[in-house]
Structures are given as structure tokens and as C-alpha cells.
Amino acid sequence: MKRYILAIMLLWPAICKAQGDLRADLERTYGIWRTALVKKDAATWQRVTAEHRRAEVRNRIVSEKRPFPAAVFVLPAPQPTLAGLQFLGAKKNGATAKSAYFGKVDFGVGGEPTDNLLVLSFMRGARGWLYDKADFVN
């Protein structure tokens with residue numbers, strides 16, 4: 001038991017650093033993705049969005065006979081910022097990762113946002129993490 005506790009104590013700084021690095025990488029990816037949507041930057045959106053998500057979005061837009069990629073940026077509400085949200089944790093599982101946040105998730109549609117969970121999903125690409133999707137839990 002003492003060995004187990006000692007091992008945890010010795011590894012804890014590395015675990016915390018790895019968690020911090022993962023968080024920074026995921027938040028950077030989400031920030032770039034969100035900015036691409038706001039600025040209607042199709043090239044950046046494609047570069048930081050997971051391949052299967054790009055295909056799904058493109059197929060849906062084309063099947064609706066809307067212009068691609070212009071229709072990607074026609075959204076009912078802007079994507080929320082992470083500012084003001086409490087980071088709960090990030091976890092990597094092979095080629096996927098998730099980060100979770102709690103707080104007043106503001107989609108910019110008016111009214112007073114309530115406390116909710118926002119879970120962001122990512123896929124590992126050849127050049128780093130790619131944004132996949134967000135789950136909003138009310």
C-alpha cells in the first residue's frame with residue numbers, strides 16, 4: 001500500500017502536466033474552430049474539423065441543395081465561448097478526447113443562460129487534435 005501511495009505521489013505532477021497539456025491543446029483547437037465559424041473561414045474550418053464530421057456536414061448541406069461550404073456558416077446561434085465556464089476535466093482515449101465545462105453556456109440568443117454542462121469531443125488527426133462535436137447537457 002505504501003508503494004502504491006508513493007508511486008501516485010511521484011507520478012502526480014506528470015499526470016497534472018499531461019492533463020494541462022491536453023486541456024490547452026483541446027481549447028486551442030476549439031478556439032480556432034469557433035473563430036473559423038465566426039469569420040466564415042472555410043479553409044480553417046476544414047483544417048480543424050474531424051474528417052467524418054466534415055463529410056457528415058457536407059452531405060447534409062448538399063442533400064438539402066444548399067451551397068457548400070457557405071451554408072456551414074449559416075447557424076441559428078453562434079457557438080459558445082469557453083470564457084467564464086469552469087473546466088471540469090479532459091480525458092484522452094486513444095485517438096479521441098473530450099473536455100467538459102460547467103457554467104452559464106451562452107449561445108447568444110438572448111435571455112439569461114443557466115448553468116449547464118458543455119462537453120466537447122475531438123479526434124486525433126495527423127497534425128493534432130481536430131474538433132468533432134459539442135454536447136450541451138441541460
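Entry 1. I began with the second largest pocket and asked which element gives the largest share of its lining. That is α1, with 4 residues. I keep in mind that this is a predicted model.

Entry 2. I then looked up the rest of that lining. It comes to 13 residues, and T29, R127, G128, W129 and L130 lie nearest the centre of the pocket. Besides α1, the elements α2 (42-48), β3 (115-125) and β4 each supply at least two lining residues. By class I noted 5 nonpolar, 3 polar and 5 charged residues. The volume of the second largest pocket is about 250 Å³.

Entry 3. On to the largest pocket, with a volume of about 460 Å³. Here I found 24 lining residues, with W33, V57, R60, L75 and Q79 nearest the centre. Two or more of the lining residues come from each of α1 (2-39), α3 (51-63) and β4 (128-137). The lining divides into 16 nonpolar, 2 polar and 6 charged residues.

Entry 4. Next I turned to the sheet. Its 4 strands run in the order β1-β2-β3-β4, and I noted an open sheet with antiparallel pairing. From one strand to the next, the twist averages 20°.

Entry 5. Last, I checked the pairing of β3 with β4: it is antiparallel, over 9 bridges. For S121 I looked up the bridge partner in β4, and it is K133.

Terms used: Residues numbered from 1 in each chain as written. Predicted model: local features only at pLDDT ≥ 70, side-chain atom pairs only at ≥ 80, totals over all residues. Heavy atoms only, no water. 1 Å grid on protein atoms, 1.4 Å probe; cavity = no way out; pocket = protein on both sides within 12 Å on 5 of 7 lines; lining within 4 Å. Points joined across faces, edges and corners; volume = space filled by probe spheres on them. Nonpolar A, V, L, I, M, F, W, Y, C, P; charged D, E, K, R; others polar. Pairing = 2+ DSSP bridges. Axes fitted to C-alpha atoms, helices over the stretch in contact; angles between N-to-C directions.
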